[in-house]
Amino acid sequence: MTATFRFDEVTKTYGSQIALDRFSLTGHEGEVVALLGENGAGKTTAIKILLGLISPDRGRSSVLNMNSKLHGQEIRRRVGYVPDQPALYDWMTVMEIGWFTSGLYAPGFFDAYSSLVKQYQLPEDRPIKQLSKGMRAKVSLALSLAHEPEVLVLDEPTSGLDAVVRREFLESMVDVAATGRTVFLCSHQIAEVERVADTVAVLRGGHLVLSEELAKLKSETWMLTAATTVEVPVRWPIDLKILSARHEGHHREWLVRGDRKHIDLFREQNPHFTSLQTDSPNLEEIFVRVMQPKPQNGQTRSDDWADPATWERKTEEATS
């Protein structure tokens, strides 16, 4: 697949505050790429850098093979952008703002906009100030799509919308990607994103903690819940990666990455568990776990007892 946008080791700080730290991410044509994170995680900063609105301290980004720092104006002309709070002239009607915006683009914009207005069932002659927030979001989307951009950038576009409108809005992104265009979606609406995203990346305090194709992420991520009556250390298959861990008394819980054979091997290597449950978490459960702090002292880590000799010694100490 052809790459349509790219971040390469992008770092941005505001004083002592790190907004992005060596952030790398690539989007391809026909993909919906979702960037997830809490408020303040760095999502909006990433969008501004990508569109050439601000410059990174280090690293680079590009859209359609154009350097964001050098070609920001051309990039903004060629992409579609829907911010979390669209800036619309609310005294104009739905059709008037389309006619006004058409002067900034090539011929054909207004016809395409009119078609989208009908598709989204927007009231053509109603002033924007009289529209609901969901309708205003659809006007912004129609304005962003009418020039048929190759990349559509959405910054929390469904914030404040009701559940039905939010679902309709996000599902329309699948239709956009189906035409071969790229959708770069920044959001914290995890459940809705799971319905539409092809690739998911997670930012935590400016750091990229996860980036993966959604289908692969879900098929290779497991929630393990175990109980034991003795404090025997856990023996981990070397290729099973731990994403998060909880250890409370004799109850243990891990979010791990690996294929099914590694889970079966984990069972074989830890026969002392009185129970071991394996579940497939949804995206929201994965997100909540990876957003937690890394395991601290006393919590199980993936590499604690991967070495067989160390495991034997630790087990003997625990059971003696």
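E212, E220 and R257 are joined in a network of salt bridges, a salt bridge being a side-chain nitrogen of Lys or Arg within 4 Å of a carboxyl oxygen of Asp or Glu. The model is a predicted one, in which local features need pLDDT of at least 70, side-chain atom pairs count only at pLDDT 80 or more, and totals for chains, interfaces and linings use all residues. Residues are numbered from 1 along each chain as its sequence is written, and side-chain values use heavy atoms, with hydrogens and water left out.

By the salt-bridge rule the count comes to twelve. The table gives three of them.

| Pair | N to O distance |
|---|---|
| D57 and K12 | 3.9 Å |
| K218 and E194 | 2.7 Å |
| E212 and R257 | 3.2 Å |

E212 lies in strand 10 (residues 207-213) and R257 in strand 13 (residues 251-257), 45 residues apart. Helices (H or I, at least four residues) and strands (E, at least two) are DSSP runs, numbered from the N terminus. E212 is buried at 17% relative accessibility, and R257 is buried at 12%. Buried means under 20% relative accessible area, exposed over 50%, and partly exposed in between (1.4 Å probe, protein chains only).

K12 is buried, with a relative accessible area of 12%, whereas its partner D57 is partly exposed at 38%.

Helix 1 (residues 43-50) has six of its eight residues buried, so the helix is largely enclosed by the rest of the structure. The buried residues are K43, T45, A46, I47, I49 and L50. After helix 1 comes G52, with a positive phi near 75°.
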